[in-house]
Amino acid sequence: MAHGDRRRVLRRTAIIAAAVAFSLWMEIAGFMAAPAAEQREVAYVTLHATVPLVFAACAAVAWAIGPNAVPARLMIAFVVLWIPQAIFHIIGGIGWLWPIVRGIDLVWAVISGLLVLVYPRGWLADRFDRTIATIAVVASVVNLAAVLALAGPDAAPCNPCAPNAYRIADAPVLFAILDYGYRVVGVGLALVIAGRLLVRWIRGSVPARAVAFLMPVSLLAWALAIAVQATGYITSTSTGMVIDTVALLAMAAVPVTFVAGIAHTRNMRARVADLMRITREGADRGLWAESLARTLRDDSVRVYWWDEERGRYVDAAGRLIDSQEAGRGHSILPVASPSGLPIALIRHDRVLTDNMRLLDGVSSALRLSVDNGRLRSDLERTLEQVRQSRQRIVEAGDEARRRIERDLHDGAQQQLVSLGMNLRLAANTARSAGQHELASELEDAIATLNQGLKELRELAHGIHPSLLSQGGLALAVPELAGRCPVPVEVDVQADGRLPELVESTAYFAIAESLANVAKHSQATRAWVRAHVEGETVAIEIRDNGVGGASLDAGTGVLGIADRIEAVGGELELVSPPGSGTTVTVRMPLHPPTTDAHAASGAALLVAAEASDPAPGAPGAAGVPAGGVSTPLDV
């Protein structure tokens, strides 16, 4: 707590303590000074002393959560001016003091009325409130002047009372008229205030009723009780213990209902946090209006959104609205972005205008929701562009592989075959001419050429297998499994040909997994299963090896995972130590299409996908004879 806040709290605490001490002193001292015949029941005196204590406690709360300091100050003034009639037995002998106290002994009623009028805003909001407050203050001033100028010793309940030091005329009839008139005016004002609040509560909307709360009921009960008391005062008859008790209880309820209403309004602001939680990621416009109405407890809430294209406000269905017509009978809260651009109009019950903190919170929630919605849309659009870009890269890479395989098959491979045939003719000619040494050298060259041709064919097959292009997975996967040194059981059930991108991605996922089985798993058996399940291609590669594989152990599987994710699929690796490894791949049968185009230097994509094997794994030279050749090995 800051030093200034601490001093303010201490000052307020001292003021409340002093007011309570003064009030208790008046109650106790007056009760003790009153003659036994005039003493009220202890229960009544205790209840009478409790009323200012309730006001003091509520003043502390109002200072903490109230809209301003006015309600708390009025409550403290009530505590000081809650004057018990028995106090005149103490001050009756002081001729300059008791007339003043007699003139202000009903000001607490004026203060309670002002407290009701400033509820819940903390100030007098309209002309009616200011008129009622003015009448009450003027009547109190007139009553004080009448007591000072006209009251005799019999005007106060003290026996005997000292002569009035301010008295200027002996006019008991005029004084009685002013005294009774003051009480009648006070009762009338209390009834008008209570009746107005009650009618407003009955006719009001749900938000208005929630804000008004129990204040009209408690005030009406108090006004009726003091009306009966005023009648008894005028007619000099006793009102009875029941009426007096009801009046005290109703008066004590006024500050309680005041702070209860303020706390309720404060809790409404807290519900804005729930609104932010619901709409923080950008909610549907209909959901937003529904959530806002539930938060404000106002079914009349409407949200009209700014349409930049048409330059007008529209409702959730996109219909144009007239902002002036839409706001008739309600209040309109405009919401704009930090840059001043319009976002929306919120139509709400007028009573909520008194709670500007709540409306400010609603505006902030709406701005946050719109900003988050825009950011979310931008992010989703960016992610979609990235996904399409990755898919175009995969498609360009596949096209580059096919082109390289075709160029090797139709170009270098055919030239080497032609060279081998020429060397065979030369060797036969040399042998016929008796040049056996030359023929032997040519045979060695032919053997070397055949080995190089074999390696070239394996290289071309690893880049893009011709069987995959000719017969799809049903032909390519069994041939791939046959070249794996570990026995592989194949179960491929693909109805017809799959889309080319899906086929190539599935093939290279299987090839990479079998290469890892051959290199690292120490397995004695492996299983490959590829099925089409509805609109999904499901692939499972499993072995009975040592397990312990991880996506972080090498970049080969990560490259395959990137290819699979690029077509909208996912890869799952399960490899507990000692229990083998299972690679599961699921891809959509028809991935989202993109405008594929070959990028400049697409041939380098093959090298880009090649990567170092897992630590400790053999390189390209370490592929076993007849092993599975993949782009990783190349």
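At 40% relative accessibility, Glu 489 counts as partly exposed. Here, buried means under 20% relative accessible area, exposed means over 50%, and partly exposed lies in between (1.4 Å probe, protein chains only). What you see is a predicted model, in which local features need pLDDT of at least 70, side-chain atom pairs count only at pLDDT 80 or more, and totals for chains, interfaces and linings use all residues. Residues are numbered from 1 along each chain as its sequence is written, and side-chain values use heavy atoms, with hydrogens and water left out. The partner of Glu 489 is Arg 525, and the closest N and O atoms of this salt bridge are 3.6 Å apart. Arg 525 lies in the loop between helix 18 (500-521) and strand 6 (526-533), while Glu 489 lies in strand 5 (residues 488-493), so the pair ties together parts that are 36 residues apart in sequence. Arg 525 is also partly exposed, at 35%. A salt bridge needs a side-chain nitrogen of Lys or Arg within 4 Å of a carboxyl oxygen of Asp or Glu, and by this rule there are 13.

**Asp 179 and Arg 183 pair up within helix 8.** Their side chains meet in a salt bridge, 3.5 Å from N to O. How far along helix 8 (residues 172-203) are Asp 179 and Arg 183 from each other? They are four residues apart, which means a separation of about one helical turn. Asp 179 is buried at 4% relative accessibility, and Arg 183 is buried at 16%. Helices (DSSP runs of H or I, at least four residues) and strands (E, at least two) are numbered from the N terminus; the chain has 20 helices and nine strands.

**Cys 158 and Cys 161 are joined by a disulfide.** The sulfur atoms of Cys 158 and Cys 161 lie 1.2 Å apart. The rule asks for a pair of cysteine sulfur atoms within 2.5 Å, and it gives one disulfide. Is the link between Cys 158 and Cys 161 right-handed or left-handed? It is right-handed, with 80 degrees about the S-S bond. Both Cys 158 and Cys 161 are buried.

**Helix 6 is largely enclosed.** Of the 11 residues of helix 6 (residues 107-117), 10 are buried, so the rest of the structure largely encloses this helix. Among the buried residues are Trp 108, Ile 111, Gly 113 and Leu 117. Across the whole chain of 634 residues, 43% count as buried.

Where pLDDT is low, the predicted coordinates should not be read in detail. Which elements have the lowest and the highest mean pLDDT? Helix 20 (residues 604-609) has the lowest, at 31, and helix 3 (residues 70-81) the highest, at 95. The mean pLDDT of the chain is 78, and 75% of its residues reach 70 or more.

Methods: pLDDT is the predictor's confidence in each residue, from 0 to 100.
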